[in-house]
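Subject: Handover of a structure and its findings

Dear colleague,

Please find below the structure that I am handing over to you.

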Amino acid sequence: MKSRVLSGMQPSGRLHLGNLSGALSNWTKLQETYEGYFFVADWHALSTNYSETTQIKTLTREMVIDWLSAGLDPNKATIFIQSDLPDHAVLHVLLSMITPIPWLERIPTYKEQQEQLEDRDLSTYGFLGYPILQTADVLIYNADFVPVGIDQAPHVELTRAIARRFNSLYKPVFKEPQTLLTEAPKLPGTDGRKMSKSYNNAIYLSDSEKTLREKLRTMVTDPARKRRTDPGDPNICPVFDLHKVYSSTPVIEQVNCECRTAKIGCIDCKQFLAETLVTQLNPVWEKGCAIRKSPAMVDDVVQEGAKRARMTANTTMQKVCKAIGI
Ligand code: TRP
Ligand code: SF4
């Protein structure tokens with residue numbers, strides 16, 4: 001029997017290169033050796049975006065399209081949408097009965113997000129209970145591993161604590177899942193800051209080749225390299241950071257050397273990068289195109305995924321209800 005991995009993503013926007021090289025490439029690798037469960041966490045998105053929900057359905061669907069374009073395979077993994085599985089909410093309510101509020105309040109993201117998103121009122125019950133919902137997502141499938149970034153590690157710790165508490169209060173129903181830490185390369189956006197949807201500096205999987213080239217053309221470089229004849233320093237250039245992630249070793253070495261001697265200019269350097277990225281994104285673009293031509297396929301994937309997920313979830317819920325005695 002294969003071990004099971006489970007992970008989710010909030011439908012907060014189109015996927016960019018940072019997501020592709022972080023979580024998504026990790027998932028597409030994991031689906032080869034594990035039994036993968038991957039879902040769009042649309043209820044989680046409500047915890048911070050409850051007042052602006054017009055986009056959520058479209059974004060959920062587009063997220064699935066991006067996943068499939070990037071190589072997530074419905075024949076290998078179970079791909080579904082959280083809100084298609086009401087049992088997550090049932091388990092959430094049951095787990096909320098046994099979770100002490102201080103466990104939730106001391107999770108770092110709770111205060112951090114409240115401070116960062118100060119334009120929103122996050123003094124809601126749903127926002128506080130967000131990690132219990134995440135716990136329900138994981139425990140309902142008895143996942144062995146949860147691949148997440150370091151920011152999500154405290155949530156998996158909470159999941160383990162709640163599983164232990166449930167098992168000792170009632171009967172041993174839940175496995176304690178382990179964190180599978182995702183190594184995400186440091187990826188700068190076009191302005192040199194961390195690539196992020198909220199900084200408006202991201203290169204999206206769904207960008208056209210033309211847009212991609214244009215974004216690279218205007219990307220910031222070593223600010224001291226003003227003229228073509230000035231030597232540059234790749235170590236402080238965000239374009240070089242992208243080269244290091246995507247280009248082949250000879251190209252990286254060439255850039256590293258010829259930038260310092262002003263043998264190549266930034267226009268040449270960015271052109272090399274554009275060629276590499278176009279080559280790597282071409283299959284993703286082609287797949288995206290094919291999917292958009294037969295939109296019913298996306299519905300089939302998530303319906304089939306929900307069907308499979310439901311079977312596992314139902315089995316767990318029966319055990320849970322029996323253990324509690326309801
Ligand atoms: N909270 C996660 C995030 O924002 C998304 C998520 C929801 C998740 N449920 C999950 C991740 C279950 C792993 C397992 O990135
Ligand atoms: Fe950056 Fe390349 Fe220009 Fe050097 S040549 S400063 S690495 S863009």
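How many salt bridges does the count come to? The count comes to 23 salt bridges, where a salt bridge is a side-chain nitrogen of Lys or Arg within 4 Å of a carboxyl oxygen of Asp or Glu.

Two remarks on conventions come before the details. This is a predicted model, in which local features need pLDDT of at least 70, side-chain atom pairs count only at pLDDT 80 or more, and totals for chains, interfaces and linings use all residues. Residues are numbered from 1 along each chain as its sequence is written, chains are lettered from A and ligands numbered from 1 in the order in which they are written, and side-chain values use heavy atoms, leaving out hydrogens and water.

Side chains of opposite charge can pair when their charged atoms come close. Glutamate 275 and arginine 213 form a salt bridge, with their closest N and O atoms 3.0 Å apart. Because glutamate 275 lies in helix H12 (residues 266–293) and arginine 213 in helix H9, this pair ties together parts that are 62 residues apart in sequence. Helices here are DSSP runs (H or I) of at least four residues and strands are DSSP runs (E) of at least two, numbered from the N terminus. Glutamate 275 has a relative accessible area of 39% and is partly exposed; arginine 213, at 28%, is also partly exposed. In these terms, buried means under 20% relative accessible area, exposed over 50%, and partly exposed in between (1.4 Å probe, protein chains only).

A further salt bridge joins the side chains of aspartate 233 and arginine 260 (3.7 Å, N to O). It links distant parts of the chain, 27 residues apart: aspartate 233 is in the loop between H9 and helix H10 (238–246), and arginine 260 is in helix H11 (residues 249–260). Aspartate 233 is partly exposed at 26%, and arginine 260 is partly exposed at 37%.

Lysine 263 forms a salt bridge with glutamate 258, the closest N and O atoms lying 3.5 Å apart. Here lysine 263 is exposed, with a relative accessible area of 57%, whereas glutamate 258 is buried at 14%. Elsewhere, Glu157, Arg160, Arg164 and Glu176 are linked in a network of salt bridges.

Strands

Strand S1 (residues 4–9) is mostly covered, with five of its six residues buried. S1 runs parallel to strand S2 (residues 35–40), and six bridges join the two; strands are taken to pair if DSSP finds at least two bridges between them. Within this pairing, methionine 9 stands opposite valine 40 in S2. S2 is in turn joined to S3 by four bridges, and these strands run parallel. Phenylalanine 38 stands opposite isoleucine 79 in S3. From strand S3 (residues 78–81), Thr78 and Phe80 point one way while Ile79 and Ile81 point the other way, and all are buried.

A loop residue

Serine 208 is found in the loop between strand S5 (178–181) and helix H9 (209–217), and is partly exposed, with a relative accessible area of 37%. Between serine 208 and leucine 281 there are 73 residues in sequence terms, yet the C-alpha to C-alpha separation is 9.8 Å.

An exposed glutamate

Glutamate 115 belongs to helix H6 (residues 108–116). At 58% relative accessibility, glutamate 115 counts as exposed.

With kind regards
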